[in-house]
Amino acid sequence: MKAIRRFTVRPVLPEPLRPLSDLARNLRWSWHAETRDLFQAVDPEGWRAAGCDPVRLLGSVSGTRLAELARDRRFLRRLSAAADDLDDYLRGNRWYQNHSLPDGDLPAAVAYFSPEFGVTAALPQYSGGLGILAGDHLKAASDLGVPLIGVGLLYRHGYFRQSLSRDGWQQEHYPLLDPNEMPVSLLRRTDGTPVRVSLALPAGRCLHAHIWVAQVGRVPLLMLDSDVEENGPSERDVTDRLYGGGSEHRLLQEMLLGIGGVRAVRAYCELTGHAAPEVFHTNEGHAGFLGLERIRELSEEGVEFDAALEAVRAGTVFTTHTPVPAGIDRFDRELVARHFGDGAELPGVDVERVLQLGMETYPGGEPNLFNMAVMGLRLAQRANGVSTLHGAVSRGMFAGLWPGFDADEVPITSITNGVHAPTWVAPEVFRLGARRIGTQRAEEALSVGGSQRWDAAGEIADSEIWDLRRELREQLVTEVRTRLRASWRQRGAGSAELGWIDNVLDPDILTIGFARRVPSYKRLTLMLRDRDRLMEMLLHPERPVQIVVAGKAHPADDGGKRLVRELVRFADDPRVRHRIVFLPDYGMGMAQKLYPGCDVWLNNPLRPLEACGTSGMKAALNGCLNLSVLDGWWDEWYEPDFGWAIPTADGPTMDEDRRDDLEANALYELIEKRVAPRFYDRGAGGLPERWIEMVRRTLANLGPKVLAGRMVREYVERLYAPAALAHRSLTTDAARELAVWKARVRAGWPRVAVDHVEVDEANGVAELGSTLALRVRVALGDLQPEDVEVQAVAGRVDTDDRLRDAQTVPLKPAGGPDQQGRWVYEGPLTLDRTGPFGYTVRILPTHRLLAAGADLGLVAVPTEATGEGAGVLMR
């Protein structure tokens, strides 16, 4: 018989053990080794059976065992120390509380919205890199003391669990997740009733959601859950699966995340006294509707739409993670229109204004599609990509929103992702560092960072490093065999068929790891381009290689599933199955064993389609060397000391198959002639000294760069603090002033023009250090000089006379307008570099409250006739 309802009966902890509940409910245990060790001591077998999840452990431990522990003075001392340590962590001053900026206070709080969060395997609310990055962002913010509030959705089926059919085809499973069995608690009012947020839907329907709170160290993570009795069946299923369903289902998820998320933050702050956020950060476009809800809030206070838009933009940060338009959620215009306005959500906000924020009204755009990233950019005064290269790709991809500006002036900056080292560094690696500098300093180095080098790594003996690397490789071999045996049992194999698994992998063989999601651009099967050659590398008699592969294809991506099956079928070949394995159900639990146990981390995406690619960072923190295409973070920080760069066959005319053949051949060449020989090149003591030196330099020089602590500190200083300052400056009156000024400038801009440019060469010779006197006549129409900045833009020029590495010099008005109302601007231009040199002039809007000159997307430049005297000077 099947139960009609399920719930979890929790044991009542004896009074001396009550702190265990607080320790289990705060997810700091997921990155704090001492707390995990304490829970393991409660019941070692139960800890393994519970998947290293303290909440599940405490739900299964026997009353007899609890009574024993309540009398165990040694255990109680450990428990008291862990509880005191958590209390100090939560209440003590950290980096943020001790940090000050010269131009204003730090934000009172920041709300961080993301569709997924990968905090721990015990809270499976993530699909891949975006979610893991979001989880690492919360954990690093907690370590630094940043007053962040995370906002997401609670998916009752999570993403999906992956297994394989007998012939290697990916199978998806969606286990039901019970929040009562997870480390979350329902947000309740003082009378015990659950807090509920509601959204209005067309035809008089409503979407209700409860708010579950996961405590990530100091950071609360609010997750909205539509599985509420008051909802109808379709509304109840809105938060069923991560990235599931059709267009309307996704739209409702994103409305709940953005609009409902703001309402959840307001309710949480009101109930708990948490400071209200001054900055709202949307991690990808999925949460973009949060800006519309904040506009609605201001509209209810009597603020006009345009002024409310300016006030909201000032305090909003938008991070884009995708390097391709196909990775962005886009909805049909009519679908969006149906869910807003009278009879639906945000009735006080004009539907046409909502649509204008997301429509692709630029050359090459689809005029009937509502683009979530475009809305995110239009609603945020500050935006960034997630690596230097990705920032450049994003500026090119979204340049249509700022017509007239070169891509490098598009106001999208970059902050390179980082990873939360306390989560991803193997305990054995941490202990090796702690022996050199002490536990507290080691924890500080991993969580806060700040130093440019970890010099203590240079003091570690070669033998210690090599022994550590072998120990980690051996742990990976054990893990792989366990998971592979379980996978084959799921595929229908009996015990008698699986004896070969005992000989899979070897702890003394060069081990390469490759694990990620499986979209086509990540090229899971590039290594299979020449199967005979790969087989030779795997079975080489003197320098063999072994490869561990993992990854999930999206359930709707049959192309990705075919790639998985292709790899699995190769790995099933009895000739090589002891040297190459595919492990299904890639997730955080597997990753924490995989990264440390590999010697080389492989990444071969199509450049430049990898926005950042943080898996290689996690591997590097454990002394694993990277073998990667120069994309994402590797393009930025690659040095021969840290690994190898796979050459790319770039070019718009390159045939796809030809490109893959060339890059696969380059990969084989590197492994055969450089990677494997260095690993197996043993010195007098039997150690690969040159390899060990690369490991040491990776730890010492690359380690501090890839930290999430470094990343979050950059967000605070470069984006959050300026956004908070702008938010405070945009009072209602100031927002109205800015909105009126923008409307006036937009209306008057068609009559703004560069009328004439004159040059007076001071000595008649264009020599380094000489000065040109520029005189520019401009028409401003109804605008005044205080509304604009007239600039000279100068720099090197290419063969097409395009300016490169340009610098701007503001010009000053010389007197009043002439009889035709035109103004003359003047200024010097110094020739500060040799070689081909050129300049132009332009007019931009300017206002003290603008974040960037390109903010309005308006610019006036000379026509060919106007610029006749402004040619290339030094060829």
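**Cavities, pockets and sheets**

Modeller: A search of the whole structure, which is a predicted model, finds seven cavities of 30 Å³ or more.

Biologist: How much space lies in the largest cavity?

Modeller: The largest cavity holds about 90 Å³ of space.

Biologist: What makes it a cavity and not a pocket?

Modeller: A 1.4 Å probe fits there but cannot get out, so the space is called a cavity.

Biologist: Which residues line the largest cavity, and which are closest to its centre?

Modeller: The lining has 13 residues, and the closest to the centre are Leu484, Trp488, Arg491, Asp572 and Phe582. Helix H19 (462–490), helix H21 (558–571) and strand E17 each give two or more residues to this lining.

Biologist: How does the lining of the largest cavity divide by class?

Modeller: It has nine nonpolar, one polar and three charged residues. Leu484, Trp488 and Phe582 are among the residues closest to the centre, and Leu, Trp and Phe count as nonpolar. Arg491 and Asp572 also belong to that group; Arg and Asp count as charged.

Biologist: What volume has the second largest pocket, and why is it called a pocket?

Modeller: Its volume is about 1200 Å³. The name follows from its being an open set of points with protein on both sides within 12 Å along at least five of seven lines. Of its 48 lining residues, Gly129, Leu130, Arg517, Tyr521 and Lys522 are the closest to the centre.

Biologist: Which element gives the most to this lining?

Modeller: Helix H7 does, with four residues. H7 (129–144), helix H22 (588–597) and helix H23 (615–620) are the elements that give two or more. By class, the lining of this pocket has 24 nonpolar, 13 polar and eleven charged residues.

Biologist: In what order do the six strands of the open sheet stand, and is the pairing parallel or antiparallel?

Modeller: The order is E17-E16-E15-E18-E19-E20, and the pairing is parallel.

Biologist: What makes E17 and E20 edge strands?

Modeller: E17 (580–583) and E20 (643–646) each have a single partner strand, so one side of each is left without a neighbour in the sheet. Neighbouring strands here are turned by 20° against each other on average, direction ignored.

Biologist: How do you know that E15 and E16 pair?

Modeller: Pairing needs at least two bridges, and six join E15 (residues 510–515) to E16 (residues 545–550). The count meets the cut-off, so the two strands are paired. Within this pair, alanine 515 stands opposite alanine 550 in E16.

Biologist: What makes helix H20 a helix that packs on the sheet?

Modeller: H20 (residues 531–538) touches E16 and E17, and its direction makes about 115° with that of E16. Contact here means heavy atoms within 4.5 Å. Helix H25 (residues 656–680) also packs on the sheet, touching E15, E16, E18 (600–603), E19 (625–629) and E20. The direction of H25 makes about 165° with that of E20.

Biologist: What order and pairing has the open sheet of three strands?

Modeller: Its order is E24-E23-E27, with antiparallel pairing. E24 (803–810) and E27 (837–845) each have a single partner strand, so one side of each is left without a neighbour in the sheet. The twist averages 30° from one strand to the next.

Biologist: How many bridges join E23 to E24?

Modeller: Six bridges join E23 (residues 788–797) to E24, and the two run antiparallel. At one of these places, glutamine 791 has proline 810 in E24 as its bridge partner.

Terms used:
Residues are numbered from 1 along each chain as its sequence is written. This is a predicted model: local features need pLDDT of at least 70, side-chain atom pairs count only at pLDDT 80 or more; totals for chains, interfaces and linings use all residues. Side-chain values use heavy atoms; hydrogens and water are left out. Axes are lines fitted to C-alpha atoms, for helices over the stretch in contact, and angles run from 0 to 180 degrees between N-to-C directions. On a 1 Å grid over the protein atoms alone, a cavity is a set of points where a 1.4 Å probe fits but cannot get out, and a pocket is an open set with protein on both sides within 12 Å along at least five of seven lines; lining residues have an atom within 4 Å of a point. Grid points are joined across faces, edges and corners, and a volume is the space filled by probe spheres set on the points.
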